Amino acid sequence: MQSHKKIQLIPYLFLAPNLIIFTIFIIIPTIHNFYLSLFDLSPFRPPQFTGLNNFIYLFTKDDLFLRSLKNLAVFVVGDVGGMVILAIAIGFLLNQQIRFRGFFRSAFFYPVLLSPVVVALVWEWILNTQFGALNALLKSIGIQGLPWLLVPNWSKVWTIVVHLWASVGFYALIILAGLQSIPGELYEAALVDGASRRQQFRFVTFPLLMPSILTVVILSTIRAFGIFDHIYVLTGGGPGTATFMMVQYIYRTAFEMDQGGLAAAASLVLFFIILLLTVVQYLLGKKQEAI
Amino acid sequence: MKKKGSLFFNLSVYTILTFGSLIMFLPVLWIALSSFKGLEEIYKIPPTFFPKRWIITNFTGALQQFPFLLYLWNSIFVTIMATAITLLINSMAAFALSKYEFPGKNAIFITMLGTLMIPLQVIMLPVYLMIARLGMANSLWGIIIPPAATPTGVFILRQYMLTISDELIDAAKIDGAKDFRIYAQIILPLTKPALAVLTIFSIMWRWNDFLWPLIVINQEKYFTLQLALARFQGELVTDWHYVLAMTVMSVLPITAVFAFLQRYLVQGIASTGLKG
């Protein structure tokens, strides 16, 4: 279809609906966000240009913001670390020559279908101090239960565990797909050369699985930084501010406190953290592949 | 790992997988079973697993106490409309990006891919301001439209359409087919597997969406199921027997979709998980 010499109108027409919505609701807001972050947008005053004051305020005076940043760092490390390890482990197990593979695959994937709200409700009920299944289970083996979501450190742990439970099936499937795309002849060749199981893993599986692992790391990092739904319903950011994350900070600042400029500035901070980490991970992955 | 493992190895694999599956399944199963328990049994210490007495009044009660059907309808409306619009505009864009050469093509495609790194969470305020300016705040269309032009969807479909041979198109052209007919009658039918994948993704995204509806909607008559569930759970005196019943009812449709289409879904994650 490249025979026409003059510029054709038709491909632009096909692109138009998607491109218009994309521009209005992604491109323009992304640019608008930079602009908003430079203003004091209190609903009681006219917008006032304040330069970088919002950013200075966030990092020097805004205790809640700094705490949300720290909480998020802890969450991301636990969540992404756990996700990668569990996804690889589950992916490997599901790749074995076993019966009921379809069943096991569905079992691990099923929670991915559930909405974050439902996931949070289910676990809130399980972790309930008095009526929850976990404490009852612990009691039956002689361990005293805890009010899990009311102890700051335990609530941090459980938000990670709950999010892992809900999403690991998705990442395990990515690993599984990566494993299945490795040609069987490579293993046969390795066997002929007398490679042990461990050597096969080290020199065949691992290098060829690297792109899939990198995908898991990047996707789960972006998602972890954007965490909101699960935690908002499960703990509401509490107890106190123990599980208060950055998206909740942005949501609260923008829509409950009506401090739009500050919210936009915080959004930009989050945006640049995600951008930076994604680029770094990508480059590290490239380097790894080169070796 | 194509060679048969030892007995011990296989045994451990089965044990771990079974144990893991239980951890994944039991919480949901327990909630589902609990939705058939009476209030006094729900609050029993220690909790029971299977209901002592099966009742369905939690479900009938929830339907009477809350406008559950309204929330259900809102969720269905949002999910179906959003998925239809997403499929249509994404496939049209993917068609242009895979089967035409035109100035700006690469720039557009790369910009779209770049925005994959900008989750809605990062631009929620300016997107909301845009919605408000366009008069779509507090409406179901406000939920539906903004995420419809998903770059993920365009990407999945474009990658698939690239594999469709151009000879088919040339042959159709010789027969006098116009561009829109080529799109609708040749490309779309051949793109079915990728469209199926995007359909399932879109249904999952939209049915389960929470943050965006939370921002857009503040009137109860526009609540989706997720908003309603979160609201009732957050109330001071939570009617847990109703919340459990509504939770189960909200999960049923998505479970049915999964049961029918899981083959495509697994393929889809496999193909999108692979880097292009």
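Visitor: In which loop of chain B does B:Asn138 lie?
Guide: In this predicted model, B:Asn138 has a phi near 55 degrees, a positive value in a residue other than glycine. B:Asn138 has 15 C-beta neighbours inside 10 Å, so it counts as partly exposed. Its place in chain B is the loop between α6 and α7 (140–144).

Visitor: Where is A:Phe100, and is it buried or partly exposed?
Guide: A:Phe100 is not a glycine, yet its phi is positive, about 60 degrees. It sits in the loop between α3 (63–94) and α4 (101–113) of chain A. Burial would need 20 or more other C-beta atoms within 10 Å. A:Phe100 has 13, so it is partly exposed.

Visitor: Which peptide bond is cis, with omega near 0 degrees?
Guide: Most peptide bonds are trans. The cis bond runs from A:Gly238 to A:Pro239.

Visitor: How many residues of α11(A) are buried, and which residue with positive phi follows the helix?
Guide: α11(A) is mostly covered, with eight of its 11 residues buried. Among them are A:Met246, A:Tyr249, A:Ile250 and A:Ala254. The residue that follows, with a phi near 55 degrees, is A:Asp258.

Visitor: What secondary structure does chain B have?
Guide: Read along the sequence, chain B shows the pattern α-α-α-α-α-α-α-α-α-α-α-α-α-α. The totals for chain B are 14 helices and zero strands.

Visitor: What span should helix α1 of chain B have, and how far apart are its end C-alpha atoms?
Guide: The helix covers residues 7–34, which makes 28 residues. At 1.5 Å a residue, these should span 40 Å. The value from the model agrees, with the end C-alpha atoms 39 Å apart.

Visitor: Where does α1(B) bend, and which proline follows within four residues?
Guide: The bend is about 35 degrees and falls at B:Phe25. Several residues of α1(B) are buried, including B:Met24, B:Val28 and B:Ile31. The proline is also buried. That proline is B:Pro27.

Visitor: What radius of gyration does chain B have?
Guide: Along its principal axes the C-alpha trace of chain B spans about 75 × 65 × 35 Å. Of its 276 residues, 42% count as buried. A compact globule of 276 residues would have a radius of gyration near 19 Å. For chain B the value is 23 Å.

Visitor: What percentage of the contacts in chain B between residues at least 6 apart join residues at least 24 apart?
Guide: A contact here requires C-beta atoms within 7 Å. Among pairs at least 6 apart in sequence, the share joining residues at least 24 apart is 74%.

Visitor: How many residues of the side of chain B that touches chain A are nonpolar?
Guide: In chain B, 75 residues are in contact with 80 residues of chain A. Helices that each supply at least two residues of this side include α1, α4 (68–99), α11 (192–208) and α14 (240–273) of chain B. Of the residues on this side, 13 are polar and six charged, and the nonpolar ones number 56.

Visitor: What ipTM does the predictor give the complex?
Guide: For chain B the mean pLDDT is 88, and 93% of its residues reach 70 or more. The complex has a pTM of 0.90 and an ipTM of 0.90.

Notes
Residues numbered from 1 in each chain as written. Chains lettered and ligands numbered in written order. Predicted model: local features only at pLDDT ≥ 70, side-chain atom pairs only at ≥ 80, totals over all residues. Expected span 1.5 Å × (residues − 1). Bend = angle between axes of the 7 residues up to and from the residue. Buried ≥ 20, exposed ≤ 12 C-beta atoms within 10 Å, placed from the backbone. Contact = placed C-beta atoms within 7 Å. Nonpolar A, V, L, I, M, F, W, Y, C, P; charged D, E, K, R; others polar. pLDDT = per-residue confidence, 0-100. Rg over C-alpha atoms; globule rule 2.2 N^0.38 Å.
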